[in-house]
Amino acid sequence: MDMLHYEEKYWSRGIENVAGIDEAGRGPLAGPVVASAVILPYNVNLSEVTDSKKLSEKKRERLFDEIISTAVAVGIGIVHEKEIDKINILQATYKAMQMAVRQLTVKPEILLVDGRRADIKHFKQESIVKGDSKSLSIAAASIIAKVTRDRMMINYDKVFPQYGFSGHKGYGSQKHIETIKTHFSTPIHRQSFKPSPDYLPTLKYYKEKRLVGTLGEQLVACSLIKDGCEIFEMNYNVPKIGEVDIISKNDDIVAFTEVKTQTKGHGWNEPRTQIDEYKSERIMNAARHYIDQNKLDVEIRFDVA
């Protein structure tokens with residue numbers, strides 16, 4: 001089938017800005033749902049673009065960059081697990097789609113939506129069953145949405161290495177479910193999706209296992225990922241030299257973050273006051289070691305969370 005059939009139908013009527021919309025992540029047990037809206041130029045040539053599920057991860061990554069550089073406009077909407085639990089996955093998907101459309105720098109004249117009609121007001125739309133295999137704009141949106149979400153899950157894998165998020169991307173594989181039953185749900189698991197609500201850890205559990213500090217580091221790392229950061233390292237430790245809780249990057253700045261976790265009843269202090277000269281020196285030494293080992297020439301920042 002001609003992948004530009006639907007786009008050309010509208011282009012021939014003088015409607016230039018046709019946006020394809022698709023999502024990724026409705027079914028997983030963990031992580032966000034991500035939607036994308038893509039407006040392609042007239043007579044676009046993206047011959048390899050098709051339904052993202054039919055492409056290898058390596059090819060999706062390459063096409064992601066190609067779509068970004070070719071498209072007239074690209075919008076991305078992300079709704080995280082807490083919001084999914086609050087409003088349900090269908091409404092969260094609609095919200096992600098609405099966000100993606102609002103992110104477009106060019107106002108679309110028609111929306112081509114994969115599957116059923118979406119709850120996106122004030123825009124004309126056409127829903128296309130299996131649209132990611134029939135419309136180039138939708139297929140492009142499916143790639144943008146999936147790669148964006150996959151990158152987040154790969155980052156989460158560094159925060160929760162025992163869960164295998166870089167492999168199953170949060171979907172309910174048997175190994176994933178068994179890990180939930182063994183290690184309990186994480187802060188990025190959807191508590192409205194079984195079996196996560198049956199395996200929620202308590203603060204008592206974290207205290208008994210002496211994992212309160214680890215939980216604090218995980219929560220900070222998750223917040224960084226949601227803000228668009230890439231996690232480089234968790235608990236970077238160089239024996240006899242120093243250690244850093246989190247090393248991340250955003251906007252070409254590498255941040256070295258020290259996390260201080262406090263629980264209710266223990267009094268709240270300014271985190272910076274808990275870092276003495278000895279601790280500061282170990283953080284600085286570890287940072288220098290990381291920069292030297294990776295031959296980095298970037299702007300750096302030191303944070304306390």
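The largest nonpolar core of this predicted model has 27 residues, and Val38, Val49, Ile67, Leu136 and Ile143 have the most contacts inside it. A nonpolar core here is a set of buried Ala, Val, Leu, Ile, Met, Phe, Trp, Tyr and Cys residues joined through side-chain atoms within 4.5 Å. Buried means under 20% relative accessible area, exposed means over 50%, and partly exposed is in between (1.4 Å probe, protein chains only). In soluble globular proteins, nonpolar side chains tend to be buried together.

Which elements supply at least two residues of this core each? They are helix H1 (5–11), helix H2 (57–70), strand E4 (110–114) and helix H5 (136–159). The largest share, eight residues, comes from H5. Helices (H or I, at least four residues) and strands (E, at least two) are DSSP runs, numbered from the N terminus.

Take a look at isoleucine 67: leaving aside neighbours within four places in sequence, it is in contact with Val38, Leu46, Val49, Ala140, Ile143 and Ile144. Contact means heavy atoms within 4.5 Å.

Residues are numbered from 1 along each chain as its sequence is written, and side-chain values use heavy atoms, with hydrogens and water left out. Because this is a predicted model, local features need pLDDT of at least 70 and side-chain atom pairs count only at pLDDT 80 or more, while totals for chains, interfaces and linings use all residues.

| Residue | Relative accessibility | Class |
|---|---|---|
| Methionine 153 | 0% | buried |
| Serine 248 | 2% | buried |
| Cysteine 222 | 4% | buried |
| Cysteine 229 | 11% | buried |
| Methionine 284 | 32% | partly exposed |

Methionine 153 lies in helix H5. Not counting residues up to four places away in sequence, methionine 153 touches Ala30, Gly31, Pro32, Phe165, Ser166, Lys169, Gly170 and Ile188. Methionine 153 and alanine 286 are 133 residues apart in sequence and 26 Å apart in space, C-alpha to C-alpha.

Serine 248 sits in strand E7 (residues 242–250). Its contacts, setting aside neighbours within four places in sequence, are Leu224, Cys229, Glu230, Ile231, Phe232, Ile253, Val254 and Ala255.

What about the cysteines? The structure holds zero disulfides, a disulfide being a pair of cysteine sulfur atoms within 2.5 Å. Cysteine 222 is in no disulfide, and the nearest cysteine sulfur, that of cysteine 229, is 12 Å away.

Methionine 284 is found in helix H10 (residues 277–293).

Zooming out, the chain has ten helices and nine strands. Its C-alpha atoms fill a box of roughly 70 × 45 × 35 Å, taken along the principal axes. Of the 305 residues in the chain, 48% are buried. Among contacts with a separation of 6 or more, 63% are between residues 24 or more positions apart.
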